[in-house]
Amino acid sequence: MTLRITGGEHRGRRFSLPRGSDLRPTSDRVRGAIFSILGVDAVQEARALDLYAGSGALGLEALSRGAASVDFVEMNRLRCSQIREALVTLGLGERGIVHNGRVERTLGSLEGKYGLVFADPPYALEDWDGLMLALSRPGFLEERGIVVAEHRHSTAMADEFYGLALLTRRRYGDTAISIYECGELDG
């Protein structure tokens, strides 16, 4: 499998990953759409978090587009090694940290103050409520921090989770993106 960076400093750069039976990397089209929706200001100098990182495509894209740093969380050791290799290949090794472990456990050990979080779990994840609760703990997100949730289009996602308010939802085939901002819904 070949992944391509769609924008920023490393636009067009490719890196290879072996295809895993449960690996579903975010497509170039969807990644491009996510970063177009977010805009430059949400990414530039952001401290980002890539949960269920898999190939690391979302975090690598964020780094290419100017994020200050990205913490990658992935439970598969081989994939963690592959993300580290991609960071080195792209010259981004100083700006990315790869955490090997289950998201549910690793979140508690991260210090927080993230401006941008990508959550792209397996489509079978049913506990979005628990994940969003963990992300909304005091001090974990910056004020007006953004959470990008990638999910199956048929998954019912709330308009608000614990102070994370839905900004937009888009569908791309079987995939949907729900983007939340730290802050209460008006009205």
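**Exercise 1. Geometry and faces of helix H4**

Task: Work out what span helix H4 (residues 77–89) should have at 1.5 Å a residue, and compare this with how far apart its end C-alpha atoms are.

Solution. The structure is a predicted model, and the check begins with the residue count. Helix H4 holds 13 residues, which at 1.5 Å a residue should span 18 Å. The expected span is 1.5 Å times one less than the number of residues. In the model the end C-alpha atoms of H4 are 18 Å apart, which agrees with the expectation.

Task: Decide which residues of H4 are buried, and how they are arranged when seen down the axis of the helix.

Solution. The criterion for a buried residue is a relative accessible area under 20%, whereas an exposed residue has over 50%. The buried residues in H4 are Arg-79, Cys-80, Gln-82, Ile-83, Ala-86 and Leu-87. Seen down the axis of H4, these buried residues fall within an arc of 160°, so they line one face of the helix.

Task: Describe what is found at the start of H4 and just after H4.

Solution. At the start of H4, a side-chain oxygen of Asn-76 comes to within 2.9 Å of the backbone nitrogen of Leu-78. Just after the helix, Gly-91 adopts a positive phi of about 70°.

**Exercise 2. Salt bridges across the chain**

Solution. As for accessibility, both Glu-61 and Arg-31 are buried.

Solution. The side chains of Asp-71 and Arg-47 form a salt bridge of 3.4 Å, N to O.

Task: Repeat the analysis for Asp-159 and Arg-169, and say where each of the two residues lies.

Solution. The side chains of Asp-159 and Arg-169 meet in a salt bridge of 4.0 Å, N to O. Asp-159 lies in the loop between strand S7 (141–152) and strand S8 (160–161), and Arg-169 lies in strand S9 (residues 164–172), so the pair ties together parts that are 10 residues apart in sequence. Asp-159 is partly exposed, with a relative accessible area of 45%, and Arg-169 counts as partly exposed at 35% relative accessibility. Elsewhere, salt bridges with shared partners join Arg-31, Glu-61 and Arg-65 into one network.

**Exercise 3. Strand S6 and its partners**

Task: Determine how many residues of strand S6 (residues 114–119) are buried, and in which sense, parallel or antiparallel, S6 pairs with S3 and with S7.

Solution. In strand S6, six of the six residues are buried, so the strand is largely enclosed by the rest of the structure. S3 and S6 run parallel and are joined by four bridges, with Leu-49 having Val-117 in S6 as its bridge partner. S6 and S7 also pair in the parallel sense, over five bridges, and here Leu-116 stands opposite Ile-146 in S7. The chain crosses from S6 to S7 through helix H6 (residues 128–135), and this β-α-β crossover is right-handed.

Task: Say which residues of H6 are buried, and why they line one face.

Solution. In H6, the buried residues are Trp-128, Leu-131, Met-132 and Leu-135. Seen down the axis of H6, they fall within an arc of 95°, so they line one face of the helix.

How values were computed. Residues numbered from 1 in each chain as written. Predicted model: local features only at pLDDT ≥ 70, side-chain atom pairs only at ≥ 80, totals over all residues. Heavy atoms only, no water. Buried < 20%, exposed > 50% of the residue type's maximum accessible area, 1.4 Å probe, protein only. Arc of directions from axis to C-beta. Polar contact = N/O pair within 3.5 Å; in protein donor to acceptor, adjacent residues only side chain to side chain. Pairing = 2+ DSSP bridges. Right-handed = clockwise from strand over helix to strand, strands pointing away.
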